[in-house]
Amino acid sequence: MDRFLLLGNRSIQHSLAARLKSEGSEVHVFPGQNFGGYEITVDPDVDNYDCIVVGSSRYFSDALVQKALKSRACGVFGVDGRAGLLESSKSFFADFALENNIRAPESRAFMDFQEALDFVRSHEPPYVIKANGPARGCGVAILSNITEAQEDLHRKLVDKQSPYFSGGVTIEQYVHGFEVAVNVLIDDRSFVILPPTKPYKRRNDNDVGPNTAGMGSVSPVSLNADFYRELENGIIMPTMKAIRSKEWYFRGCLFMNLMLNDEGIHVLEFNCRMGDPAMLVNIELLESSLTDLLLLVAQSRLSEATVIFKNGFALATTIVSARYPDAMDEAGPFVLPVTDPKSRLFIAGLHSTQGGLFSNNGVIGCAVAYDISLEVAKSRSLGLARAFMSSHPTVSLHMRSDIGDSIEVPRRFF
């Protein structure tokens, strides 16, 4: 029996745990999370596991991962702290993209409020302002005028009580187009592109409201050979070549947010872990063994993997607390729904108190469904999300109802 330790407390850890356990593996999650049968509550010993899966940026440089990287018994599906800078530092990623001829929006980094404001005033809207730190969508603001930009810069550079304060920002060129999210599994020599997904970042229907870490996702998105050719030659292979030359440890998932237009593919950001909710729908589409795939990546034997995906569509609808992302209020208590093989709710960050299960990170979970028909997959996902919200009438919750709509790929890549 293969033994896995999953690091993180998001919906992706619940999804991974459920799938790996169904394939016969022994699964533990750290820190413990109340989704039943997979949690641990004490510091784990990595030598007791065959593979540790780093699912959160907070662990890139953690002592637990450092020990696993030196262990002869435990493989690591993840990155070291050096590679993790591609996600945790916007300016580092911008320099990396420029150095390796990867098309990305022009950007400048600022730590001073007045300098940043003067720069914004010298340019036309819309303004893209990203907080320093891990690539969280809720740290990104797309603003239509100077007043909004000034308020956002104040929150991120001046107001230390703000949940958006980061002490530094990157102001980025706005790129029009169609956004696609892609998970790519890579090891020292090989890569596997998982089915592209359409992300829904804005909080409300019709893509309005503040940016979030993701309100839902649908996969696959149909893209032509030109897309895959440019993705491989212009982004994946230069990235892997640079990683090898710098001797970084990267055996895991490179998650890319991409903008497609008539100029080609623009990389908006890299994550060095499985994208959530994009990876939830990828796992739902995966027909071959997830256990084997994770182990082969960690062992740098990805070229030996057999990767098969089901026909049809997978769709995820994210459920959040009512004031997310502006406030991370504690929400609950929650009662988890009965498992349905056609649709499942994967929870995020629920913790147990004497009063029941509560969440304090804004995202409650994702309702994921699969079907050969996109319409049916959407109906099942939305139905489960609505049922969960209706079963908690005293808790203020929110979701989008248009996940799966507006999949209009630019002609160049259709």
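Visitor: Which residues is Asp402 in contact with, leaving aside its neighbours within four places in sequence?

Guide: Tyr200, Asp205, Asn206, Asp207 and Lys378 are in contact with Asp402. Contact means heavy atoms within 4.5 Å. Asp402 lies in the segment after strand S23 (397–398).

Visitor: What kind of model is this?

Guide: This is a predicted model, in which local features need pLDDT of at least 70, side-chain atom pairs count only at pLDDT 80 or more, and totals for chains, interfaces and linings use all residues. Residues are numbered from 1 along each chain as its sequence is written, and side-chain values use heavy atoms, with hydrogens and water left out.

Visitor: Why is Asp402 called buried?

Guide: Buried means under 20% relative accessible area, exposed over 50%, and partly exposed in between (1.4 Å probe, protein chains only). Asp402 has 9%, so Asp402 is buried.

Visitor: Asp207 was among its contacts. Why is Asp207 called partly exposed?

Guide: Its relative accessibility is 39%, so Asp207 counts as partly exposed. Asp207 sits in the loop between strand S12 (202–204) and strand S13 (208–211). Its phi is near 55 degrees, a positive value in a residue other than glycine.

Visitor: What makes a stretch a helix or a strand?

Guide: Both are DSSP runs, numbered from the N terminus: helices are H or I, at least four residues, and strands are E, at least two. The protein chain has 10 helices and 23 strands.

Visitor: How do you know whether the size of the chain agrees with a compact globule?

Guide: The radius of gyration is taken over C-alpha atoms, and the globule rule is 2.2 Å times the number of residues to the power 0.38. With 414 residues, a compact globule would come near 22 Å; the protein chain has 20 Å, which agrees. Along the principal axes, the C-alpha trace spans about 60 × 55 × 45 Å. Buried residues make up 57% of the 414.

Visitor: How many of the contacts join residues at least 24 apart?

Guide: The share is 69%, counted among contacts between residues at least 6 apart in sequence.

Visitor: What makes the buried residues of H4 line one face?

Guide: In helix H4 (residues 90–99), Lys90, Phe93, Phe96 and Ala97 are buried. Seen down the axis, they fall within an arc of 125 degrees, so they line one face of H4. The arc is that of the directions from the helix axis to the C-beta atoms. An α-helix has 3.6 residues a turn, so residues three or four places apart point the same way.

Visitor: What covers that buried side, and what does the face turned away carry?

Guide: The cover includes helix H3 (81–88), strand S6 (127–131), strand S8 (169–172), helix H7 (225–246) and strand S16 (264–271). The face turned away carries the exposed residues Asp95, Leu98 and Glu99. Just after H4, Asn101 takes a positive phi of about 55 degrees.

Visitor: How do you know on which side of H5 the buried residues lie?

Guide: In helix H5 (residues 113–121), Phe113, Ala116, Leu117, Phe119 and Val120 are buried. Their arc around the axis is only 160 degrees, which puts them on the same side of H5. Among what covers them are strand S5 (107–110), S6, helix H6 (146–157) and S8.

Visitor: Why does Lys156 count as buried?

Guide: Lys156 is in helix H6. Its relative accessibility is 1%, so Lys156 counts as buried. Leaving aside neighbours within four places, its contacts include Ile129, Lys130, Ala131, Tyr164 and Phe165.

Visitor: Why does Ser406 count as exposed?

Guide: Its relative accessibility is 54%, so Ser406 counts as exposed. Ser406 lies in the segment after S23. Not counting residues up to four places away in sequence, Ser406 touches Phe178 and Lys198.

Visitor: Why is Glu247 called exposed?

Guide: Glu247 has a relative accessible area of 62%, so Glu247 is exposed. Its place is the loop between H7 and strand S15 (250–261). Phi of Glu247 is near 60 degrees, a positive value in a residue other than glycine.

Visitor: Where is Pro220 found?

Guide: Pro220 is in the loop between strand S14 (216–219) and H7. A cis peptide bond joins Ser219 and Pro220, with omega about 5 degrees. Another cis bond joins Gly332 and Pro333, with omega about 0 degrees. Pro333 has its place in strand S18 (residues 331–334).
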